[in-house]
Protein chains: 2
Amino acid sequence: MDSKDGHNQKIPVAVVRRLTKYLSHTQCLRQAGMDWVSSTELAEALGLTSSTVRQDLSHIDFFGISKRGYSTAGLEASLASTLGADRETSCVVVGAGNLGRALAQHEEFSRQGFRICGVFDSNPAMAGKKVGKLLVQGMAELPAVVGEQVVDIGIVAVPFPAAQQVADWLIVAGVRGLLNLTTAHIIVPRKVSLVDARFLASLRELAYAVKISEPRVPAG
Amino acid sequence: MDSKDGHNQKIPVAVVRRLTKYLSHTQCLRQAGMDWVSSTELAEALGLTSSTVRQDLSHIDFFGISKRGYSTAGLEASLASTLGADRETSCVVVGAGNLGRALAQHEEFSRQGFRICGVFDSNPAMAGKKVGKLLVQGMAELPAVVGEQVVDIGIVAVPFPAAQQVADWLIVAGVRGLLNLTTAHIIVPRKVSLVDARFLASLRELAYAVKISEPRVPAG
DNA sequence: TAGATTGTTAATCGATTAACAATC
DNA sequence: TAGATTGTTAATCGATTAACAATC
């Protein structure tokens, strides 16, 4: 019964990325007490066209109403259910440096259903230190924690030369997705998903944009 | 003389993003002592096709040699120059929470030419606290620091309801690009560039991928 | 009812890939 | 030289936008 209507087909990543935006924005609208939103309003708020919004929303199992738009409550629920944001997702962080510790304690994640259930570091000197309510564990503990707690996602926050090795360990331990915070290109088997956080790449992208937008120096 | 050959046209963002990958990987290759690399090798290492690599590199002012490929030294230099990675880029961080402090101290950034020259927080209780070698400053100091030090990029690491306001202040102060670490959709004037770090969105994307790759429960 | 807004089909646009002559 | 690899043009693919009948 799961696929009777053509939904539950795999949604293109470009669309999934925008669905996450609609979800965030719809949550805001609901908090602001708005009961309805139109594709035009959604588009304007997020810098898209209304056509894109309607096309995107045709991928989820929810329908708007002519002349009124979409019920924010229904839209939020349907987006959450499509994206899997209606259940908790367990994560572990590997690398207890600045970035790893910051993410492990990032409140927005827990508010949004991402539970960090372990922080690991290969440096024995880090073991036992506190990160929020968690204690840093050695890499040796990783398989047990991932296996027992059915951890979905591993966050790779180590120095980049160690990234592939850490990813391999996480995959063997059983995670199904990896968030890569390093600049390394990580290779994963097909059954595992990978998303690159692209911090440094984002800064480079900005540096390029700033560079080309610079006022031309008048020819000398 | 800058545009005589059709380079220095604005490069599509999809291409710019891959150029940053080529740059990272070429740096690795050089450190490993490799003098030459072919489009096929680059493609294989980064999960692309050799056709894409050659097409992308046609945007930069550098040429390979038939049968040998690209000189890693020349490629690195040309990519760095095209992207603006051959000069220092100044940044400020607004928001001295976990994430802001972590980024301000992230060593990879300074290694790669991004200099953090200020950390700001609207909470007076944070003022004067140390973040690496910097002291947290109040928002009132922002315009002076950005103006005097010719800061290119502002990193927005505040709670999401404050994101637009902080972005506006940064833009008025004179930054030319913004890295948005929040889930908020920030609106910027055309002359300012914006890149979203999309942390939470990345986790959601992973959660969706994990969800749809789950083994189907056999029909009851 | 009249008019606004949806869902969907068709058209456009841009990005990726294939193919191949040029060349070291 | 022969063969490998480039740079570039043409073909394909997919994503975005436009258009419009259906409808509340």
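What should the 19 residues of helix H1 (residues 13-31) of chain B span at 1.5 Å a residue, and how far apart are its end C-alpha atoms?

Reply: First, the ground rules: this is a predicted model, where local features need pLDDT of at least 70, side-chain atom pairs count only at pLDDT 80 or more, and totals for chains, interfaces and linings use all residues. Residues are numbered from 1 along each chain as its sequence is written, chains are lettered from A and ligands numbered from 1 in the order written, and side-chain values use heavy atoms, leaving out hydrogens and water.

Now your helix. H1 of chain B should span 27 Å, and its end C-alpha atoms are 27 Å apart, so the two agree. The expected span is 1.5 Å times one less than the number of residues. Helices here are DSSP runs (H or I, at least four residues), as are strands (E, at least two), numbered from the N terminus.

What does H1(B) hide? Its buried residues (under 20% relative accessible area, 1.4 Å probe, protein chains only; exposed is over 50%, partly exposed in between) are B:Val15, B:Val16, B:Leu19, B:Thr20, B:Tyr22, B:Leu23, B:Ser24, B:Thr26 and B:Leu29. They pack against strand E1 (36-37) and helices H2 (39-46), H3 (50-57) and H4 (72-83) of chain B, together with H9 of chain A. Just after H1(B), B:Gly33 takes a positive phi of about 85 degrees.

B:Arg17 forms a salt bridge (a side-chain nitrogen of Lys or Arg within 4 Å of a carboxyl oxygen of Asp or Glu) with A:Glu205, the closest N and O atoms being 3.0 Å apart. Helix H9 (residues 199-212) of chain A gives 14 residues, the largest share of the side of chain A that touches chain B. The rule finds 2 salt bridges across this interface.

As for the whole interface, 65 residues from chain A and 65 from chain B are in contact (heavy atoms within 4.5 Å). The chains bury about 6100 Å² between them, 65% of it on carbon and sulfur atoms; that is accessible area (1.4 Å probe) lost on being put together, summed over both. In chain A, A:Leu203, A:Arg204 and A:Tyr208 lose the most area to chain B, together 13% of what that side buries.

For the chain A copy of your helix number, look at A:Arg30 in H1 (residues 13-31), which pairs with A:Glu76 in H4 (residues 72-83), 46 residues apart. Their closest N and O atoms are 2.8 Å apart in a salt bridge. A:Glu76 counts as buried at 18% relative accessibility, whereas A:Arg30 is partly exposed at 42%.

Note on methods. Buried area = accessible area lost by both parts, 1.4 Å probe.
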